[in-house]
Amino acid sequence: MLNFDDRDGYIWQDGALVPWRDAKLHVLSHGLHYASCVFEGERVYGGTIFHLQAHTERLFESGRQLGFEIPFTVDDINRANYEVCKANGIVDGYVRPVAWRGSEMMGVSAQQNTIHVAIAAWEWPSYFSPEARLKGIKLQWSKWRRPDPATIPAKAKAAGLYMICTLSKHQAEREGFDDALMMDWRGRLAEATGANIFLVIDGALHTPVADCFLDGITRQCVIGLARDRGIDVIERVIMPEELEKADEVFLTGTAAEVTPVGQIGDLHFQPGTMCKTMIEAFTALTREPEAAPARIGVEG
Ligand code: PMP
């Protein structure tokens, strides 16, 4: 495995491509000390960044929720995303834009700090065939809960919100699981550490209301794909006990795509027809452009 700071290629930083190893920030950066940092995670499928516009708009909105404005236009950032893919020859991969407060002031207050932006991209082919994926991953319950929006900008894709995700995922991995599942601050079912959750109950999809966590772009796509196929989708409050009556469970996210779940704590699930249908629908949307009229792309 190549370290992420020691690779060939180019990273876009503050308006220009720089050699990968030179894309640095100072240790006295506000973003590092005080988590004034927002980011995105995007996938490139066959040379098109999936829902780029939505991701870029979310990046800007996350910055605003942390009280800063990204010093570029949405179009500039969209173009830069493609510049980075092109410079690194990425056709199927992952793109990571990140924005953070710089080093002018080093304290809680950072009114004068410059906002920096960088975009990196790397190859990331899909690892699992639909068949391998259908075995399902194992989730362990986290002791951490998604926070009350009155305590933090809970819907920003901001670095600080991932502190409990890393703690949760490390604990789950130590216990032999693949990922962790979190409740929210009220004890309701919420999401995994980097993906949203869906339950299949009596042929319908049920998913928690995204009122204190990210309403994922993949989540929104999957809801649309299901409704297009005449499948009922119910966004509602879901209590953890209700998992007992779920026939199937899956996660959605940019990295996860549609990932079936085989186990949550002591409960076991058998990924079935619905998981298969949604994996196939999502694969068609991302990999087969002719089957995906709703696909968003910016010419690069
Ligand atoms: N929740 C969290 C905490 C995430 O990090 C992600 C991945 N960005 C998601 C949900 C899914 O969001 P999306 O489908 O937009 O990738």
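This is a predicted model: local features need pLDDT of at least 70, side-chain atom pairs count only at pLDDT 80 or more; totals for chains, interfaces and linings use all residues.
**A salt bridge between two domains**

The side chains of Arg 43 and Glu 257 come together in a salt bridge, with 3.9 Å from N to O. The domain assignment divides the chain into domain 1, covering 10-123, and domain 2, covering 130-291. Across the interface of the two domains, the rule finds one salt bridge.

Which elements of domain 1 supply at least two residues each to the side that touches domain 2? They are strand S3 (37-39), strand S4 (42-45) and helix H2 (52-65). Of these, H2 gives the most, with five residues. Sorted by class, this side of domain 1 has nine nonpolar, five polar and four charged residues.

Next comes the extent of the interface. The centres of domain 1 and domain 2, taken over C-alpha atoms, are 26 Å apart. Domain 1 brings 18 residues to the contact, while domain 2 brings 20. The size of an interface is often expressed as the accessible area lost when the parts come together. Here, about 1600 Å² is buried between domain 1 and domain 2, and carbon and sulfur atoms give 66% of that area. On the domain 1 side, Phe 39, Tyr 45 and Arg 58 lose the most area to domain 2, together making up 36% of what that side buries.

Conventions: Residues are numbered from 1 along each chain as its sequence is written. Side-chain values use heavy atoms; hydrogens and water are left out. Domain bounds come from an automatic or database domain assignment. Contact means heavy atoms within 4.5 Å. Buried area is the accessible area (1.4 Å probe) that two parts lose on being put together, summed over both. A salt bridge is a side-chain nitrogen of Lys or Arg within 4 Å of a carboxyl oxygen of Asp or Glu. Helices (H or I, at least four residues) and strands (E, at least two) are DSSP runs, numbered from the N terminus. Ala, Val, Leu, Ile, Met, Phe, Trp, Tyr, Cys and Pro count as nonpolar, Asp, Glu, Lys and Arg as charged, and the others, Gly among them, as polar.
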